[in-house]
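The sequence and the model are shown first.

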Amino acid sequence: MPHGHITGLSQFYVDGLERMEIVIDRRNAAPLPYQDNLRIPIRLQVGTEQYEAGLRATPNMPVVWISPDLRDNHGNKVSLARVLTNNGFTRNQRVHLEVNGHDVSLFPF
């Protein structure tokens, strides 16, 4: 099971919440369906909810990351930061990712 951590981007939404990503060391990322220079769609489960998310990687970066912008099951935009905060996750927290194809579930480390 890959693990990673939540990182802050030092950019803030209007409500003051910092934009966040989940980063996974590339050496750990083999089970994730990432490809360099492409946004790969995944279903991210956080708590009891699933979201449409994007998995990104570039050749020069030593990490793979889950982008900060999600869509809920109604197609509405929602921030990864809001979803994480609402589920008790915090900036710099380590996390486990359970991967089943394009379905990824997030758990505290």
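## A hairpin and its place in the sheet

How many residues does the hairpin that joins strand 4 to strand 5 pass through? In this predicted model, the hairpin between strand 4 and strand 5 passes through six residues. The two strands pair in the antiparallel sense over two bridges, and L55 stands opposite I66 in strand 5.

Strand 5 also pairs with strand 2, to which it is joined by four bridges, again with the strands running antiparallel. Within that pairing, D25 has V63 of strand 5 as its bridge partner.

## Strand 1 and its partners

Strand 1, which spans residues 3-12, is joined to strand 2 by five bridges in an antiparallel arrangement, with I6 standing opposite I22 in strand 2. Strand 1 and strand 2 form a hairpin with five residues between them, and G16 in the turn has a positive phi of about 95 degrees. Strand 1 pairs with strand 8 as well, in the antiparallel sense and over three bridges, where G4 stands opposite V95 of strand 8.

Confidence can be set beside this picture of the pairing. The protein averages a pLDDT of 95, and 100% of the residues score at least 70. Among the elements, strand 1 has the lowest mean pLDDT, at 92, whereas strand 3 has the highest, at 98.

## The nonpolar core

The largest nonpolar core has 27 residues, of which I22, L44, I66, L84 and L106 touch the most other members. At least two residues of this core come from each of strand 2 (18-25), strand 3 (40-46), strand 4 (49-56), strand 5 (63-66), helix 1 (80-86), strand 8 (94-100) and strand 9. In soluble globular proteins, nonpolar side chains tend to be buried together.

Two residues show how parts of the chain that are separated in sequence come into contact. Leaving aside neighbours within four places in sequence, I22 is in contact with H5, I6, V64, W65, I66, L80, L84, V95 and L106. V64, which lies in strand 5, counts as buried because its relative accessibility is 0%, below the 20% cut-off. Not counting residues up to four places away in sequence, V64 touches I22, V23, I24, A29, Y34, L55, R56 and A57. One of these, A29, is 35 residues from V64 in sequence, yet the two are 7.0 Å apart in space from C-alpha to C-alpha.

Is S105 buried or exposed? S105, in strand 9 (residues 103-108), is buried, because its relative accessible area of 16% falls under the 20% limit. Apart from neighbours within four places in sequence, S105 is in contact with Q45, H96, L97 and E98.

Aromatic side chains contribute in another way. A search of the whole structure finds zero aromatic pairs, but R94 lies over the face of F109, at 3.8 Å from the ring centre.

## Exposed positions and backbone angles

S10, in strand 1, has a phi near 60 degrees, and S10 counts as exposed because its relative accessibility of 54% is over 50%. N37 lies in the loop between strand 2 and strand 3 and has a positive phi of about 65 degrees; N37 likewise counts as exposed, because its relative accessibility is 53%.

Where does G88 lie? G88 is placed in the loop between helix 1 and strand 8, and at 55% relative accessibility it counts as exposed. G88 and E98 are ten residues apart along the chain, with their C-alpha atoms separated by 18 Å.

How values were computed
Residues are numbered from 1 along each chain as its sequence is written. This is a predicted model: local features need pLDDT of at least 70, side-chain atom pairs count only at pLDDT 80 or more; totals for chains, interfaces and linings use all residues. Side-chain values use heavy atoms; hydrogens and water are left out. Rings of Phe, Tyr and Trp (its six-membered ring) pair if their centres lie within 6.5 Å; planes under 30 degrees apart count as stacked, over 60 as edge-to-face and the rest as tilted. A charge sits over a ring if NZ of Lys or CZ of Arg is within 6 Å of the ring centre and within 35 degrees of the ring normal. Buried means under 20% relative accessible area, exposed over 50%, partly exposed in between (1.4 Å probe, protein chains only). Contact means heavy atoms within 4.5 Å. A nonpolar core is a set of buried Ala, Val, Leu, Ile, Met, Phe, Trp, Tyr and Cys residues joined through side-chain atoms within 4.5 Å. Two strands pair if DSSP finds at least two bridges between them. pLDDT is the predictor's confidence in each residue, from 0 to 100.
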